[in-house]
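Reader: Could you walk me through this model, starting with how its chains meet?

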Amino acid sequence: MSTKDDELLKELALEEYKYGFTTDIEMDIAPKGLSEDTVRLISAKKNEPEWLLEWRLKALRHFQQMQMPTWQNFEHPDVDFQDISYYAAPKTKPKLDSMDEVDPELLSTFAKLGIPLDEQKILAGVVAVDAVFDSVSVKTTFREKLKEQGVIFCSFGEAVQEHPELVKQYLGSVVPQTDNIYAALNSAVFSDGSFVYIPKGVRCPMELSTYFRINAENTGQFERTLIIADEEAYVSYLEGCTAPMRDENQLHAAVVELIALKDAEIKYSTVQNWYPGDKDGKGGIYNFVTKRGMCKGDNSKISWTQVETGSAITWKYPGVILKGDHSVGEFYSVALTRNKQLADTGTKMIHLGKNTRSKIVSKGISAGLSHNSYRGLVKIGPGAENSRNFTQCDSLLIGDRCGAHTFPYIESRNKTAKLEHEATTSKIGEDQLFYLTQRGIDPEKAVGLIVNGYAKEVLNQLPMEFAVEAQKLLAISLEGSVG
Amino acid sequence: MLDEVATDIMITQVSDSLYTQLIKTYGGNLPSSEPHSLDEIRKQAFERFKSTGFPTVKQEDWKYTNVQPLVNRQHYALDTETLSAAIAIDKAIIPGLDAYRVVMVDGKYNADLSTAKDIPGLSVMPIDQAFERLCFAKYFSEYADKTDNPFVALNTALFTSGLFIEVGKNCQLQKPVHVIHVASASKPSFTQVRNLYVMSTFAEAEIIESFITNEGAAHSLNNTVSEIVVRENAKLQHYYLQVAGSQGNYLNHTEVYQEKHSLYNNYNCSFPGAAFIRNNINVRLGDSEVESHLYGVTLTADNQLVDNHTIVDHRKPHCESYEWYKNITQDTSTAVFNGKIFVRPDAQKTNAFQQNNNMLIGEKSAVYTKPQLEIFADDVKCSHGCTIGQFDNEALFYLQARGISEAQARVLLVHAFAFDVTSRFANAIVREYVEHLVEQGLKAG
């Protein structure tokens, strides 16, 4: 590498994380430690029914018996589960009726993040937001408007109170408590999250969105999202997240469950921008998330789109269980790692129904000293007649000290299934760079252009507003990286 | 629930029996001519094996391949003897092939049946006669034991026999060396064979290894480790032709180390027969300007399991590797492919390619494939591809519409499917032989 490249890389490493501020607000934080008492405390704070407490306790007992896995492609950090506080909430009145009652500190925090919570200030009818601050949901906008159509969009806590039958029916039906160690932990201590129910035949009139913010120190964030699309319903859901800059690592272990009934479609998009740690790999969020969707009914469709630029370690495999006949699963991902970030991410497509189809497009970009792994499972069950999978995973390397890894698992047990997988690893073509610079585009912008072009197939899947943000995010994260 | 517990205990006990059986033999019937340096290597390997034991499906490398039923068999004979007269090697004969022949019966070199003697530049001998050789001390256990395969550790600790081949400097062998491995024991047996092949600088050779089962042989489990060193500018064409009977079970670990400007080609072919085959083929590209090709054709039938694990390890810049494996599964058989390409930080300008295509024909057969890339250098060209499919109905129809019977059309299509790989065989006679075996192994319907 030339010295110029080195300088540019250095610049890239120094690029600041612009959401790194903290909010000074009075918090109600549970004492550190994990035990039955912790779970009881959280459950009591949320005023939960008995069955949910039992459900949590069962998960806790599983968690206590489970071992940390060792197959992942990174050194699993020592997480002291007793040194984390499992509940942190801003001290406000228990129920918010209007905007005036929201702590102004909080409002300004979300305004700074570019998430206005005041409905008046949002262009009418664009996006409805559920804002989650540490452990609790602060505000859900446009609830009334959605209610007219029968759409339920509220915090998880409220859903437990108001729609217990739906929660009870679907909670844990896609990601069981025993699924993995972090799912078990989440099931035991989840504090809040979003709940969406789209009734039969309704096309949700606006994009729904959750914004997650970790603020408090030494806490973990464990939210739970449950989205149910009833027959013939459609919903597009967005998720965004940020956290302050801190030297310690913080744990984020969420669970997302999607259920699509007959002819329903769910589109789930994530722009993940948790604090990635500084250039020496100090601090940052451990993003260990379990996301899974179930195409329960025939002709249903679930699509995951993710743009991952943050977190010290990203470890997640949003998957789809294609149970209904003719159901479709999609996964589009751009994962960018730099400095000392680590990502081990990909998807799982489990084909069970007949004529099921899945498509996977994964684009990994690694820069600096980071390592980016794609790990994906495509499994064809014996009954999945005529199912079809296409997988493409490409890796782009920027700099000579980073790594790109591909671990696809492809399992077929049906002779009528067709599967394709292809992967490439390369660096940014010097001819492409030369072409652009020769036309007067500076190298930095040229790299941005090439990377955006490279990721376009995925970015195109994002809803408009998010696509613009994601493009900017990629450009910022890549600033100065010429390979 | 109770039943589960009961079988669990039983399994542990039975598995303990082979385990303890092996532990008891340690230091027992080992070749007496062993140098002291080997003692230490064996001891360390034995400790390694004791600490891991036999692998289970919980281990990533053995996820689809369960060795427990094999190692849990009640009793294995660890040392067997069969008379040369009772050995038939005709099953391994490749029509039209003129080769130096080496016959290994249950892992032991058989002088009566072998013809590879007194050939200038070629040394072939049982491994225990090679202990004093310079290159033995230099290369033995140098590479294979760095992997964490418990069967390699077990083999190092307890191997009793094997084959040593050295092709001398500048020697270009006129004929291929055909090594025939015969499993013949009439009692269930467990053999541990250790081979070391050294290609000296500028040497060129072709080694063809066939695996067969003798008439009347009992169930056997063969744990073979082959270490191969291809020195500077040397070239080795290496064939594995697995045609053993259903009593045969094979754990075959091949560790190749390549020096500068060398070429190593491996052609790994498995056919219906042996119930269990696990191949580990690891190629270490230890210096720059090295080229390696790994080709595989696997045709499975009945209840067979064939598991091919390969590692291509690019350690130095300007190397090229090319890997292509084709699997065809029939009946209730299972094929596993696990390919890994490593490109280490130093290995700039690497060109690595890996492809795995599968034809899943059997109603209840399964394919598990894991083509993996681990890249630590940026100026490289690496790609892999993988497909799983079956007969193309349109192609079948096309052929039938032209008066070709369905069975014949299927043979043609499988032939075409395997062609990508078979067409790369360096030896035309072996290629023809393999194509014939594919045709033969393909069942009608």
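Reader: How many residues of chain A are in contact with chain B?
Author: This is a predicted model, where local features need pLDDT of at least 70, side-chain atom pairs count only at pLDDT 80 or more, and totals for chains, interfaces and linings use all residues. Residues are numbered from 1 along each chain as its sequence is written, while chains are lettered from A and ligands numbered from 1 in the order in which they are written. Two residues are in contact if their C-beta atoms, placed from the backbone, lie within 7 Å. Chain B brings 31 residues to this contact, and the number from chain A is 31.

Reader: Which strands of chain A each supply at least two residues of the side that touches chain B?
Author: Strands here are DSSP runs (E, at least two residues) and helices are runs of H or I of at least four, both numbered from the N terminus. On that side of chain A, the strands are strand 22 (388-398), strand 23 (403-412) and strand 24 (418-427).

Reader: What is the bridge partner of A:His421 in strand 19 of chain B?
Author: Two strands pair if DSSP finds at least two bridges between them. Within strand 19, the partner of A:His421 is B:Cys386.

Reader: Thanks! Now chain B itself: what separation do the centres of its domain 1 and domain 2 have?
Author: Domain bounds come from an automatic or database domain assignment. In chain B they give domain 1 (2-287) and domain 2 (393-445). Taken over C-alpha atoms, the centres of these two domains of chain B are separated by 31 Å.

Reader: And which element gives the most to the side of domain 1 of chain B that touches domain 2 of chain B?
Author: The contact takes 15 residues from domain 1 of chain B and 9 residues from domain 2 of chain B. Strand 7 (204-213), strand 9 (235-242) and strand 11 (263-270) of chain B give two or more residues to the domain 1 side. With 3 residues, the element that gives the most is strand 11 of chain B.

Reader: What radius of gyration does chain B have?
Author: The radius is taken over C-alpha atoms, and the globule rule is 2.2 Å times the number of residues to the power 0.38. For 445 residues, a compact globule would have a radius near 22 Å, and chain B agrees with this, at 22 Å.
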